[in-house]
Amino acid sequence: MTRLVIVSNRVADLTKATQSGGLAVGLADALRKRGGVWFGWNGEQHDTLPESAHAKRVGNVQMLSAPLTPEDYAQYYVGFANSVLWPLFHYRLDHVEYEPEFFDGYCRVNNYFADLLVPHLEPDDLVWVHDYHLIPMADCLRRRGCGQRLGFFLHIPFPPHDLLSASPNHERLVEMLLHYDVIGFQTAADVSNFRHYVEDWNVATIADDGTLQFDGRSIVLKAYPIGIDVETFRTMSAAAPEDVRIDTDRRELLRRKQIIGVDRLDYSKGLPERFRAFERLLAHHPELERVVSFLQIAPSTREDVDAYADLRAELEGLAGSINGRHSDFNWTPLRYINRPVSREKLAALFRASHVGLVTPLRDGMNLVAKEFVAAQDAEDPGVLVLSQFAGAAEDLAEALIINPYDEDGMADAIHAALHMPRDERRERHAALLKRIREHDAAAWLASFMADLDSAGRCPPGRHPETVSTAGFNDLTNPAFTETSP
Ligand code: GDG
């Protein structure tokens, strides 16, 4: 079987991948089956960079990693990736902090990674690059004479063309993407945004079969909705740790209900809107006081980006004022946890909750929505309240779909979820469970790999130009190895 080479911003620890679950496990399994390489940043910053990647063999998988300089970290990671591309691709021009040297740093790091990776590549390898940090990787590899099949998967949304064109580097970015053989997005809407860009800016032609024709090559352009390992998550959710069991028993005894939200602390996740919607729920329905509580788990990420510190302060203020106004000596309406919680505990907490709030302002897919569904007891399931702007909404139509900007509408949906009859909950849940099983992690992996396997090869030496020196994700937190790699 052809070897697989995964390139992502961070490398997951294969020896721990089974604990972290989800995506890292799926990718690690595929790597173990085929043998191959996983390459990425090791999370460290050094003043001088090595000439080769640090290599560690785990079974038949070669783990390759390398540090960045503090300047690289500032310009590539904090700068272009997380202060330009992340907000821009999440339709948040208000959060874009653009400095011209960010793009240079972004390209410099991609070139550096390519230099370190090339000596480890074999001619038949399938190279699968993940996410917005590494858009230039195919171009960098082709310039070094690599003819391997190259695939790219974007874990976050692809914005409409008029938004993208607000970035001074948009033409170069899209041109860089066209060096891949397969370009994968989360949803049909993302594919459509990309196609419109290509048509409007006249960068490539689109054939009748939907492939892009560029520079004599055919590029597969498709949606591959990412999923979770449903059965493993279901099993985990049914085995509640003791502290979750005791908390659940106490709540049942007091006939109270729990609403849950679990998100990285990120402005794309719509957390202030969600907190305010909960407060409106209590204001509109005082009878719910002492009956319902909201548990929000939101561990910090990207603390070096200013917008995240502002968000953290805003949420602390909102949580304080909601609790100050509504708490009683034996009831806390909103429990806000700003620390990571173990995956086992999360699964059990989802199962013990009556409503799951997944209300991002914009999200590539959102795996929490799928985890909440997987964790439910099919006989007496909780209800998923889902934003129309999460990629997951394209598939999970039986959730209560809401507009996260409409806080009263969100409060009404939470109220409806808390009062939904059991038959309706079971019916909706059965349909949702079927969907997440159809589009699980294994299906995502298999469909992308099948397309990459059958993609045309780029003739070696297609890019004879000299190497330009110009110009998965948040694994900084060990709890997050399950997100985009
Ligand atoms: C990107 C895209 C896309 C959260 N808190 C804790 C914890 N989590 C886990 C969740 C879930 C994961 O992190 C979050 O995944 P999401 O999909 O919701 O969001 P992003 O991190 O933004 O991921 C997204 C994804 O890539 C995959 O393609 O769906 O749209 O933005 O698994 O459970 N896990 C643990 N403790 C926590 O406190 N253990």
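The chat below goes through the fold and overall dimensions of this predicted model.

User: How many helices and strands does the chain have?
Analyst: In this predicted model, the secondary structure of the chain amounts to 17 helices and 16 strands.

User: What is the strand order in the open sheet of six strands?
Analyst: The order is β13-β12-β11-β14-β15-β16, and the pairing is parallel. At the edges sit β13, residues 334-337, and β16, residues 400-402, each of which pairs on one side only. On average, neighbouring strands of this sheet are turned by 20 degrees against each other, with direction ignored.

User: And which helix packs on the sheet?
Analyst: That is α15, residues 407-418, which touches β11 (257-262), β12 (292-297), β14, β15 and β16, and whose direction makes about 170 degrees with that of β16.

User: How many bridges join β14 to β15?
Analyst: There are four bridges between β14, residues 355-358, and β15, residues 383-387, and the two strands run parallel.

User: What stands opposite V358?
Analyst: V358 faces L386, which belongs to β15.

User: Switching topic, what does the C-alpha trace span along its principal axes?
Analyst: The trace spans about 70 × 50 × 45 Å. The radius of gyration of the chain is 23 Å, which agrees with a compact globule, because a globule of 485 residues would have a value near 23 Å.

User: What percentage of the residues count as buried?
Analyst: Of the 485 residues, 59% count as buried, where buried means under 20% relative accessible area.

User: How much accessible surface does the chain have, and what share belongs to carbon and sulfur?
Analyst: The accessible surface comes to about 18,700 Å², and carbon and sulfur atoms hold 50% of that.

Note on methods. Residues are numbered from 1 along each chain as its sequence is written. This is a predicted model: local features need pLDDT of at least 70, side-chain atom pairs count only at pLDDT 80 or more; totals for chains, interfaces and linings use all residues. Side-chain values use heavy atoms; hydrogens and water are left out. Two strands pair if DSSP finds at least two bridges between them. Axes are lines fitted to C-alpha atoms, for helices over the stretch in contact, and angles run from 0 to 180 degrees between N-to-C directions. Contact means heavy atoms within 4.5 Å. The radius of gyration is taken over C-alpha atoms; the globule rule is 2.2 Å times the number of residues to the power 0.38. Buried means under 20% relative accessible area, exposed over 50%, partly exposed in between (1.4 Å probe, protein chains only). Accessible areas come from the Shrake-Rupley method with a 1.4 Å probe; for residues, only the protein chains shown count as cover.
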